[in-house]
Structure formats: C-alpha cells, structure tokens
Amino acid sequence: MHMRNKTFLRHLSLIIALMMFAGVLAACNTGSGESTQGSAEGGSSTSKGDKVTLQFYMLGDAPKDLPTIESEINKLAEADLNVNVKFNYTSWTDWDQKYKLLLSSGQPIDLIFTADWTFYQSYAKKGAFLALDEMLPKVAPTLQAHVPEDMWNAVKINEKIYTVPSTWIEYVTEGIAYREDLREKYNLPKPESMETLEAYLEGIKANEPDMIPIADSNANHTHGIRQLNSKLVNTAGQLPYGLDIMYESPSNVASYWGSAQHLEDLKTYKRWMDKGFFPKNVLNVKDTSNSLLQNGKAAVILSGENPNKFNADVIKIQSTHPDWKLGYFPYPNAKGFAQPVHPIHNGFAIPRSSKNPERALAFYEKLVTDKRYNWLTEYGVEGKNFEVQDGYYKMIGDAQTNGFPREGMNGWAWRNPEFMLYDKSFDDVLTMFEELDKIKKPDIFTGFAEDWTPYQAEKAALEQVEKQYLYPLNVGLVADVETGLNTFMEKAKQAGLEKIQSEYTKQWQEYLKSAGIQ
Amino acid sequence: MHTRARDSEFTMLFQVIAYTFILFLSIICLVPFLLILSGSFSSNESIVRDGYHLFPTDFSLEGYKMVFKFPTQVLKAYGVTVFTTVVGTALGLFFITMAGFVLQRKDFKYRNTFSFFIYFTTLFGGGLVPWYIMLANYFNLTDTYTVLIFPGLMTPFLIILMKNFIRSAVPDELIEFAKIDGANDFRIYFSVVLNLAMPGIATVGLFLALGYWNDWFTSSLFINNPDMYQLQFYLYNTMNTITFIDQMAIGTGITLSQDVPTESTKMAMAIIVTGPILFLYPFVQRYFVRGLTIGAVKG
C-alpha cells in the first residue's frame with residue numbers, strides 16, 4: 001500500500017507537470033496565433049468582406065433602450081460596412097478590475113473606451129492596443145481629418161497613436177460651490193480666498209447651527225484648498241505622493257508633504273474642525289458631497305465641483321427648492337489660468353486582441369463623423385427619446401420614463417462639436433467655458449505616463465499610511481498637528497516615500513524633456 | 001446529595017452565563033439588520049437629516065414604492081437569482097452526493113487519487129486571470145446562465161464534507177447487505193445513501209443555496225446584459241454607481257445620466273434581497289447542526 005502510494009505520487013506529479021506545461025503551451029499558442037491571425041485578416045478586409053460582429057466595450061451601465069439603438073445602428077452599419085456591433089457595458093462595479101481582465105485575457109474586443117483615468121498611457125505602453133498610424137489614412141481618412149493634428153500628436157505614446165481622441169473641448173476645472181442665498185441673508189463675504197472662505201464658513205456655523213458648513217467625504221477638500229492657494233501643474237490639484245510641481249516651473253519638483261506650508265494647512269483644518277465646519281464622522285460619510293448640498297444639509301463644496309456638476313446642482317435645486325440660490329467660484333480665477341481637458345481624457349482604442357481592427361476603425365469613423373450614427377448613440381431615437389426645439393436638445397418625458405437620456409450610452413468619447421445638441425440649461429456651462437477660454441493654457445500634466453512598476457510595493461504601503469495617518473490630520477482629528485505630521489512623515493518614509501518621489505521626479509523630468517516643455 | 005446540589009448550581013450558573021452571552025451575540029447580529037429594516041421604512045429626508053434610528057422616526061413607504069415603481073428590473077434580477085439558486089443547488093447536490101458516495105467506497109480503487117485531485121485545488125488555485133480566461137475564452141460562457149451556475153457546482157470543501165458524512169452515516173455493512181439483497185450501485189445510492197445522508201444533504205444544500213443566492217462576483221465578471229444580473233449584483237451595482245459618482249467624477253468631468261437611488265430605497269432593496277433566504281433557514285436548521293458537526297469532527 002505504502003509503496004503503491006509512493007509510485008502513484010511520482011506518477012501524479014509527472015502528470016501535473018505535463019498538464020501545466022501543456023496548458024502554458026496552449027495559452028501561448030492561442031495567444032500569439034490569434035493576434036497574427038487578426039492582423040492578417042484585417043489587412044485583407046479593407047473593402048466590405050464577410051459580415052462580422054464588432055465587440056464594443058464601454059464603461060458603466062447600459063441605458064434601458066440600448067437594444068433599440070443597437071438594432072438601429074446595426075441597420076445602418078450593415079448597409080454601409082457590412083458589420084454588426086454588439087455594445088457591451090462593464091457596469092461601475094469593479095470596472096477597473098474588469099477593464100484589466102478584458103485587456104489581459106486576450107478576449108476578442110474591437111473597440112474599447114480609453115481615458116487617462118482608465119490608465120490609457122500605461123496600457124498603451126504595455127502594448128495592449130494596436131497602433132493606428134498606418135490604418136488611419138487607409139480606412140478612416142475622414143476621421144483623421146476631423147481630429148486636429150495637435151490632438152493626434154498629444155495622444156501619442158512612444159511616437160505612436162493608440163487612441164482616437166474626442167474633439168469637444170471642455171473644462172473639468174473645479175471650483176467652490178456655495179449657498180449664495182444664505183450669504184446674502186447673513187451678509188457674508190464671497191468665499192473666494194482662504195480668509196473670506198473661513199469668514200463665510202464661520203457665518204454659516206453661527207447662523208445655521210443645524211447645517212454642516214463643508215460637504216466633504218474622504219477628506220477631499222484638501223485638493224480644493226490646494227487649488228485655491230497654488231498654481232499646481234495638475235488641474236484637479238491631485239498630485240500623487242505629496243509632490244509640488246508648479247505650472248510656471250515644471251522641472252522644479254518639491255515635496256509638499258512635510259513642508260511648512262503643509263503644516264500650516266493642516267493647522268487650518270484643525271482650526272476648522274474645532275470650529276465645527278466638518279461633521280465629526282467626516283471620514284465615514286457615505287453621502288456624496290453633492291447630495292448634501294442639494295438636501296440643504298451643507299453650505300459649501302470645496303472639491304470635485306466642475307462646471308458640469310455645478311450646473312446639475314443648480315438644476316436640481318431649482319426644482320426642489322426654488323427659493324435657494326447657488327454661487328460658484330472657479331479655482332482657475334484664483335490661479336489665473338485654466339487648462340482644458342487633455343485629448344487623452346476621452347477616447348477609443350482598438351485592443352490587440354481585435355479580430356477586425358480595420359472594420360472597427362471604419363465603424364468608429366462613422367460613429368464620430370456621420371450625424372445619423374452620432375445622434376442615435378448620443379441622444380437616442382428622434383421623436384421617441386428626444387426632440388430638437390429651437391436648436392436645443394429636449395428630452396421626451398423624464399429621466400424615469402425615458403429609456404435613453406442625453407448621452408445615455410456614456411458616449412463622451414465620440415462627441416462631435418459639429419453635431420452636438422445641448423439642453424437649454426447647459427447654456428450657463430457654455431458661458432463658463434467661454435470665460436475659461438480667455439485664460440486658457442495647455443494641460444502639460446495629463447500627457448505624462450507614470451510607470452509605477454519600480455515602486456509598486458512602496459506605493460501600496462504608502463496608500464495605507466496615508467489613509468491611517470494623513471486623513472485624520474486632513475480633517476483635524478489629531479490633537480497635536482505638528483507631532484501628527486511628524487509621525488505621518490516618519491511612517492511614509494518607512495513605506496518608501498523618498499524612493500517613490502525620486503523615481504517619479506526622474507520619470508517626470510524625462511517626460512518634460514521628450515515633450516519639449518521648459 | 002450535597003455535591004449534586006452544587007452540580008446543579010454550577011449548571012445553573014453556566015446556563016445563565018451561556019444564555020446571556022448568546023443573547024448578547026444575537027443582539028449584536030440583529031441590530032444592523034434592524035437598522036436596515038427601520039431605514040427602509042423611514043423617509044429619505046429623516047435619514048439624511050438625523051441618520052439611522054432603531055425605530056423609524058418618520059414612517060414612510062417611499063423606499064419600497066421607489067423600488068416597485070419600475071419593478072421589471074428588480075423582478076428580472078429576482079428571477080435570475082431564484083433560477084440559479086434552485087437549479088444550481090439541485091444539480092450541485094446531485095454531483096456532490098455522487099462524488100461523496102463514490103469517494104468513500106472502499107472498493108473504489110482510485111479513491112485516494114481522485115480525492116487528492118480535489119483536495120489539491122484547495123491548496124493551489126490558478127488565480128483570477130486564468131479562471132477568467134478559461135470561462136470567457138475557452139468555454140465562451142460570457143452572458144450565459146451557465147456561467148452563473150457552473151463555477152459554483154462543486155466546491156472541494158463541500159465534497160470532502162459530504163464524503164465524510166456519508167462515511168459516518170452509512171456503515172459499509174449496510175452497503176454490503178444491500179448488495180447481497182441484489183441492489184446495484186445506483187439503487188444503493190438512491191435508496192440507501194440519499195436517505196441516510198439527509199442531514200448532510202440539508203447542510204450542503206443550504207451552503208450551496210446561500211452561495212448561489214449571495215453570489216454577485218460571477219455576474220460582475222461575466223454578465224454584460226443587465227437583464228441577466230443576479231439580484232445581489234443588481235443591488236451592489238446601484239450602490240457602486242453612487243460611490244463612483246462620488247469618487248471618480250472628481251476631475252474626470254464625466255456626466256452620468258442615471259438616477260441615483262435614495263437612502264431609503266437602498267435599504268428597501270437590501271430587505272427585499274435578504275428576505276427570502278431568511279425563510280429557508282428555519283426549515284433546514286434542525287438538520288444543520290447535526291450535519292455540520294458530524295462532517296466536521298471526522299474531517
């Protein structure tokens with residue numbers, strides 16, 4: 001019995017080893033086989049070939065009427081290109097993990113959404129997408145002409161184009177949103193600098209004891225304050241690893257964490273907490289800041305409020321509390337310049353696993369440059385989902401009954417300025433954009449592709465330290481700020497902060513050199 | 001006489017302590033559930049203004065009204081979950097009892113080999129990516145009901161549990177008797193084993209049913225069609241959309257056109273989701289304790 005077991009184990013381990021080996025081989029074979037086959041097929045299928053179904057991947061949730069739109073689009077696409085399209089949606093749950101799986105599993109996907117926040121740059125660097133340079137003039141000349149040359153250049157990674165950028169220029173710069181009616185009622189100053197902001201908050205606290213002056217979750221207000229006080233290179237004030245890079249002198253990288261300014265800011269937050277500007281359980285608040293403002297529970301939003309979101313708040317409040325008024329102070333006004341979104345911000349790429357890359361690109365060209373395709377996918381079926389009134393977009397019914405609200409497919413990437421329809425209420429945002437256009441400067445930050453492989457472990461450790469030691473400081477929950485900051489810095493250094501910062505600085509300066517930025 | 005009195009005193013004391021302890025534990029378990037229940041019956045404004053209470057301060061049914069205003073999606077998700085739970089549990093029980101029965105038969109020569117294969121996977125798994133590639137690319141199971149049922153059918157732990165249970169519940173002699181009486185293996189399985197293994201089947205069945213009912217991860221990875229979302233995932237996804245709007249929309253500038261459910265609606269959905277499985281518990285509970293202990297002691 002014993003002997004038999006032993007020989008059996010030997011056999012078994014051999015079998016397992018063989019199976020694993022075969023598995024690896026199989027994976028390699030199919031992997032490389034598929035990609036070569038894909039490009040070979042693609043090369044010969046410039047004209048209409050056999051009918052194929054393109055797999056189209058978007059983030060988020062699908063609108064209710066998607067099947068109708070899909071069949072309408074397929075009617076057009078079948079006549080024009082002899083293709084069908086299947087629109088797939090990832091849903092917002094663990095979308096980043098799914099995105100990773102979709103791109104790493106070799107599953108055939110023909111078009112996928114890209115953005116800086118879905119790590120376009122690092123996926124492009126790793127070779128997850130196909131380069132479009134040679135395909136564009138061949139299969140999508142209209143699309144190539146539609147996107148301005150400087151945008152094509154801006155999305156290049158290692159001298160190659162991997163994504164089709166959206167040409168609609170928008171601003172996602174943030175600002176302070178506040179209750180203007182309360183400001184007037186109690187005669188408070190406009191919150192447009194640190195001093196006036198504090199005075200405003202004090203006035204709210206004194207006159208409206210039931211309100212929380214600052215709507216905040218996850219200590220995000222710090223990004224707002226930094227934009228109010230400094231001319232950082234990143235529009236959203238969210239530079240990683242506590243770094244300070246100013247727009248005027250981008251090659252100069254300093255550490256904000258641990259600096260005198262940092263200590264001073266943290267002391268301010270402590271004072272604010274003592275005065276009761278934050279809710280006591282601010283780190284556990286699950287409500288979005290916007291819902292707190294819309295419900296009249298909070299008076300000020302300091303972070304995340306871009307023109308679009310502010311406009312949404314205004315519309316919501318008009319319908320629920322018409323007697324309230326909202327004010328807005330854009331941070332670009334304090335900084336003196338505004339950066340429109342980088343072309344990387346919204347785009348579509350063709351993954352390496354695509355079986356029909358050229359047909360996919362041709363279809364995408366239609367989506368962007370053919371008004372029929374564009375309107376169907378952005379606004380739905382005319383007469384059923386929307387109508388055009390005096391040149392404005394008008395939804396039929398309301399958000400509950402309408403199966404395809406405006407941009408219901410999350411089609412931010414294929415917005416075409418020539419065809420775009422706006423809701424009447426959007427005029428205010430467009431006015432704001434016009435104002436920002438006057439102080440426009442190019443975004444020099446988003447083109448940078450951070451590669452964190454050299455310090456992946458340190459990065460994860462630092463994130464933990466940040467949550468544990470910095471967040472409480474950010475909302476003034478630590479009694480002794482100076483000691484607290486020292487402890488945080490000590491722990492951060494143990495986690496490898498210096499290594500991260502110096503490696504990041506090195507990469508940043510290389511990028512500046514290659515992009516020709518002084 | 002004296003010692004006996006002291007014994008019973010100790011027993012009394014023990015029981016008092018034990019009951020207090022259990023009572024305390026049950027309250028800890030029940031309070032969050034009560035909070036959800038009361039939250040689902042509160043008006044949204046009162047939740048936002050005053051937070052959650054053990055008893056609703058401002059009674060309202062708006063949460064439930066909201067959920068059932070457009071019930072198709074919830075009902076579809078319900079249908080999917082009920083279907084996968086019933087089919088998955090039935091199939092899973094069949095396979096697991098079969099496997100357990102075969103693996104504990106002493107006259108099955110390679111039972112250790114096969115046990116090892118099963119046991120091996122509990123120690124070394126391929127990880128998420130190979131698992132995903134296997135199901136999505138090789139079996140092409142994306143957007144099918146099969147993918148919701150298939151991966152959960154056979155859990156190594158449950159097979160081992162079932163094997164040990166059958167070994168202890170069905171004496172070898174009994175199987176031999178049955179054989180002598182002319183029963184074949186299938187007959188033995190259906191008439192003898194299944195009857196004697198009832199507590200084990202109830203236990204494993206409950207595990208399986210809970211697993212299927214609470215499953216959201218497979219939906220999350222493999223289902224793109226909203227009509228095929230499982231109930232848990234449907235709920236989880238609506239919650240996540242809110243978190244997403246809060247976290248990601250900062251600096252991304254994307255606009256989302258979906259309606260965000262309110263607090264009371266979320267709570268009402270949580271109640272609707274957990275409700276039915278609560279009623280399953282009392283029915284299998286009497287088997288549950290016995291099935292689990294026997295399986296575990298011999299494990």
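**A friendly note on chains A and B**

1. Let's begin with one residue in chain A. Ile169(A) counts as partly exposed, with a relative accessibility of 41%. That value falls in between the two cut-offs, because buried means under 20% and exposed means over 50%. Please keep in mind as you read on that this is a predicted model.

2. Where does Ile169(A) sit in chain A? Look for the loop between strand E4 (164-165) and strand E5 (175-179), and you will find Ile169(A) there. Leaving out residues up to four places away in sequence, Ile169(A) touches Met151(A), Pro340(A) and Phe433(A).

3. Now turn to chain B. How many helices and strands does chain B have? The count is 14 helices and 0 strands.

4. Of its 299 residues, 40% are buried. The accessible surface of chain B is about 16500 Å², and carbon and sulfur atoms account for 70% of that surface. Take the contacts in chain B between residues at least 6 apart in sequence: 74% of these join residues at least 24 apart.

5. Here is a residue of chain B to find for yourself. Thr85(B) belongs to helix H4 (residues 71-104) of chain B. Is Thr85(B) buried or exposed? Thr85(B) has a relative accessible area of 9%, so it is buried. Setting aside neighbours within four places in sequence, Thr85(B) is in contact with Ala209(B), Tyr212(B) and Trp213(B). A polar atom of the Thr85(B) side chain also lies 2.6 Å from the backbone oxygen of Thr81(B).

6. How confident is the predictor? For chain B the average pLDDT is 81, and 84% of the residues score at least 70. Among the elements of chain B, helix H7 (residues 145-149) has the highest mean pLDDT, 91, while helix H2 (residues 44-50) has the lowest, 65. Over residues 295-299 of chain B the pLDDT is below 50, and this stretch has 7 contacts in the model beyond near neighbours in sequence.

7. Last, a word on the complex. The predictor gives the complex an ipTM of 0.70 and a pTM of 0.74.

Terms used. Residues are numbered from 1 along each chain as its sequence is written. Chains are lettered from A and ligands numbered from 1 in the order in which they are written. This is a predicted model: local features need pLDDT of at least 70, side-chain atom pairs count only at pLDDT 80 or more; totals for chains, interfaces and linings use all residues. Side-chain values use heavy atoms; hydrogens and water are left out. Helices (H or I, at least four residues) and strands (E, at least two) are DSSP runs, numbered from the N terminus. Buried means under 20% relative accessible area, exposed over 50%, partly exposed in between (1.4 Å probe, protein chains only). Contact means heavy atoms within 4.5 Å. Accessible areas come from the Shrake-Rupley method with a 1.4 Å probe; for residues, only the protein chains shown count as cover. A polar contact is a pair of N or O atoms within 3.5 Å; within protein, one must be able to donate a hydrogen and the other to accept it, and residues adjacent in sequence count only if both atoms are side-chain atoms. pLDDT is the predictor's confidence in each residue, from 0 to 100.
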